[in-house]
Amino acid sequence: MNGRNVHADTDTPASVSAKLSARRRHPLAGFLLLAVALTVMGGLYAAVTGAGTASAASTDGTPQEIAQGRALFLEGCASCHGMNAQGGSTAPTLIGVGAAAVNFQVGTGRMPLAGPSQQAKRGPVQYTEAEIAALAAYVASLAPGPAIPSAQDLDYSNASLQEGGALFRTNCAQCHNFTGAGGALSNGQYAPSLKYATPQQMFEAMLTGPGAMPVFANSTITVEEKQAIIKYITTIRTSPNPGGMSLGRLGPVSEGLFLWIVGLGSVTAIAVWIGAKTS
Amino acid sequence: MSSDSHDLVSADDAAHPENPLAPGLPEHKLRRTDIDPRAAKRAERQVSLLFVIGALTPIIFFFEYVYIPSDKLIHVPLIGDTSASNFFLGLTMGIGLFCVGAGAIHWAKKLMPDVEEVSERHQLRGTDAEREEAVSQFNAGVESSGFGQYKMIRRTLIGALAATPLFAVPLLKDLGPLPGNKLRYTLWAPGVRIVSDVSLNPIKPEDIPFGGLVSCVPENLAAVEAATGNLNARAKVPVVLVRMRPEEIRAQQGKNWDYQGILCYSKICTHVGCPTALYDRKSHHLLCPCHQSTFDLSDAGHVVFGPAARSMPQLAITVNADGYLVAQHDFTQPVGPSFWERG
């Protein structure tokens, strides 16, 4: 006890660390630590993703369009997909993928890809609508493939919301989450959120199976069923959260993490207050 | 007590300056409320105010319950759009309960007696005299009850106590019946058509493109569900159909169990039975979302990652005379998680 008092007024390293140590035991230190932890967690939630747009394009494929598309292809795509779109060591063949695949991949900004190793993700669209239509016409001219869905295909106003929900939960929710929030896949891949996908992009994604996604052809999920699924997604993503704080609508993982940190943190803070000595 | 006192740490020992393990009690510091009557009065008012808030909040709660429509949405910073009713009811109740609790703690910390009490720890063992007294009292009880005297009573009591476990026999029986071989068989049988789940459409091979995935059930499931009125049969039958190029298939669980590159695997994880349909069409891996068990459908459904111990069971398929995909026969192994009798 006396030894500590002797060194209290000097500036030896021991006394500095003693001061720090004393501050660490300050009654407010626990709250400060909690506040820092909460700020860090809040920052992690604040991740945002960019939006992209695309629109329906008619791909009858006039010879001029196909020629323009081939020119654009040779300039921007051929380095990976090959001079004749036959594919390469890092990129798949585009023969037979159809106009729908091109419209989806380029129209959501997934293509052109910056590097061949990463998963293509939604980003700023690099081509104009006319250029995308030309690229789609060129790829469609190589071999028959899924066409860009017509306006009639995309009219989901008469679709059944209930059926769409059942189909979504059976075929889509395992990867895209039951509210379309996306989720983790194997080998570091992920299923993207459906928050920004347009009805046309949803339709095209089901039709062509971009990336790791399986193909849900019109023969197994009919056009009417696709419309129902689109209706379900567009409804669910605009429906409010009556409980507040959706926490990304990820379900028990983010909710559990929130409770673990904020809930248990508050309980701990109150316990510290109860046990603190009164002045 | 005197004979045991050397085992106890006395108050003198606790304050002994030469014993580093017993530094003694810190100096007692008076609280401000102990010294200043005005501070004590202020603390009293603070505690009362907290209790008054605790008493008022249920009344506010009633008004909110009546006057805030349950479907009204409001925007709250940080929380976002939320139900006004939920938000204000929860906030009011939270404040009320917190104030009652906080008032009690504040009262205890500021106004209730603040003294350090020292309670000595005593030995649990009683004195020899106490122990002898207890034994003699027990023996006197045995003597006066006549437990040794009334032989018939003693024997019938032992018999009654011995019979009580029999109550458990009918109760344990009701835990059954045992599942028998129900876990080993499913509705899949030779010639049963494979239909897509939800829409129940039969499927032809040409309907499934390369890289395609279809979640399916047997065509007879709907009739069985209608007849039994429960979902028990559904628990075992879901399958996924996937199509890959025949040269991509490295192994199957049986010869010619595919049909032109179309493979049919159970959708029930062999770990704890989650529906497993996160299919990566490039690697042909099927991932279970619950615990990340990963099965390689191009390699006989083998586990390539995760806690599952057994391959995903494969269903042998073919086409019938009308060209629809059908099962060749039932699964040859139980689907889903392991169970006691599986062996």
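## Confidence

The model as a whole scores ipTM 0.71 and pTM 0.73. Within chain B the mean pLDDT is 89, and 94% of the residues reach 70 or more. Over residues 1-14 of chain B, however, the pLDDT is below 50, although this stretch still has ten contacts in the model beyond near neighbours in sequence. Where pLDDT is low, the predicted coordinates should not be read in detail.

## Fold and dimensions of chain B

Eight helices and twelve strands make up the secondary structure of chain B. Among its contacts between residues at least 6 apart in sequence, 57% join residues at least 24 apart.

For a compact globule of 343 residues one would look for a radius of gyration near 20 Å, whereas chain B has 37 Å. Taken along the principal axes, the box filled by the C-alpha atoms of chain B is roughly 100 × 75 × 55 Å, and 24% of the 343 residues count as buried.

## The side that touches chain A

In the contact between the two chains, 39 residues of chain B meet 28 residues of chain A. On the chain B side, the elements that give two or more residues are the strands β1 (73-76), β2 (80-83), β4 (213-218), β7 (278-280) and β8 (285-287), together with the helix α4 (84-110). The most is given by α4(B), with five residues.

Sorted by class, this side of chain B has 17 nonpolar, twelve polar and ten charged residues.

How values were computed
Residues are numbered from 1 along each chain as its sequence is written. Chains are lettered from A and ligands numbered from 1 in the order in which they are written. This is a predicted model: local features need pLDDT of at least 70, side-chain atom pairs count only at pLDDT 80 or more; totals for chains, interfaces and linings use all residues. Helices (H or I, at least four residues) and strands (E, at least two) are DSSP runs, numbered from the N terminus. The radius of gyration is taken over C-alpha atoms; the globule rule is 2.2 Å times the number of residues to the power 0.38. A residue is buried if 20 or more other C-beta atoms lie within 10 Å of its own, exposed if 12 or fewer, and partly exposed in between; C-beta atoms are placed from the backbone. Two residues are in contact if their C-beta atoms, placed from the backbone, lie within 7 Å. Ala, Val, Leu, Ile, Met, Phe, Trp, Tyr, Cys and Pro count as nonpolar, Asp, Glu, Lys and Arg as charged, and the others, Gly among them, as polar. pLDDT is the predictor's confidence in each residue, from 0 to 100.
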